[in-house]
Amino acid sequence: MSNPTYDHLVGTEMFASIGEPWDFESRAGVGLLRGVITSIPTTENGVLIIRCIVEEFDFRGTSYCEVVAVNRYCTAQRDLLQTLITKKSAGVNFYYLKGSPSLDDSTIINELFPVMADDKFLIGSIRFESKPFVTRLFNQFLPQKSMKSKVRAWFRKHGGGTLYLPDGWFGRPYDNIHMLVAVTETPSSLTVVLADGVSLCFEGLKAVATCGNDLVFIGFDRCEFVNLDDGNAVPDRRVYSGGVVRVISSAVVSI
């Protein structure tokens, strides 16, 4: 259900100011929310929604790490992105869904989006960094910083992190801090080799981005996770056909 017209915006950083509830707080600060676009699907009746991985926030005793942004004033065609282009910010409702990064766009649209309760959203405004956003929107073929260099830069800055896979934590949270051993990139794949026999091989990966202190791998067709150091004769091997993989900085507790 992803709109191919906007696939090149996957990985764009977003910022939000939250007006309601008045006491909202996330890791980004009081009344603030920060994250990256993971997909921009469209419903059957033409309503465009923006899915974003965000820095964790707690609300009513539950932690969330993804929101779905919908234009608060217009619910037709591509008004939300058009407003962002012309006015630099737009009023939105941010629906928050526990565990939703593991859900595909079709599930969000067909099952969750139509029945979201009125008390399940935040009210605020969304914006993107103007120059990068407009440039990426109108010039899809502009050369971008390689995914490999983004991975290396993150590990140089943070040292290492713990893994959160599409089906949850790898091991106990923050027990295993993985350092980078090697990273290779081809036109269709990205392979990240970590210490302790752990590797991730992505095919069809759309974007590598940072969300606060976390490294996020977004929009892949296939991800093969291998753990050679689990003490078993047969390696722990898992294959994912979608979702999000996060390397969470050991310096800040997340999720």
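How many salt bridges does the structure hold? The structure holds 7, a salt bridge being a side-chain nitrogen of Lys or Arg within 4 Å of a carboxyl oxygen of Asp or Glu. This is a predicted model, where local features need pLDDT of at least 70 and side-chain atom pairs count only at pLDDT 80 or more, while totals for chains, interfaces and linings use all residues. Residues are numbered from 1 along each chain as its sequence is written, and side-chain values use heavy atoms, leaving out hydrogens and water.

**View 1. Arg238 meets Asp167 in a salt bridge.** Here the N to O distance is 3.9 Å. Arg238 is partly exposed at 22% relative accessibility, while Asp167, at 52%, is exposed (buried is under 20% relative accessible area, exposed over 50%, partly exposed in between, with a 1.4 Å probe and protein chains only).

**View 2. Salt bridges link Glu203, Arg222, Glu224 and Arg237 into a network.** Look for Arg222: its side chain meets Glu203 at 4.0 Å, N to O, and Glu224 at 3.8 Å, N to O. Arg222 counts as partly exposed at 29%, whereas Glu224 counts as buried at 18%.

**View 3. Tyr164 and Trp169 form an edge-to-face aromatic pair.** Their ring centres lie 5.1 Å apart, with 90 degrees between the planes. Rings of Phe, Tyr and Trp (its six-membered ring) pair if their centres lie within 6.5 Å; planes under 30 degrees apart count as stacked, over 60 as edge-to-face and the rest as tilted.

**View 4. Phe202, Phe217 and Phe220 form a cluster through ring pairs.** Phe202 and Phe220 are both buried.
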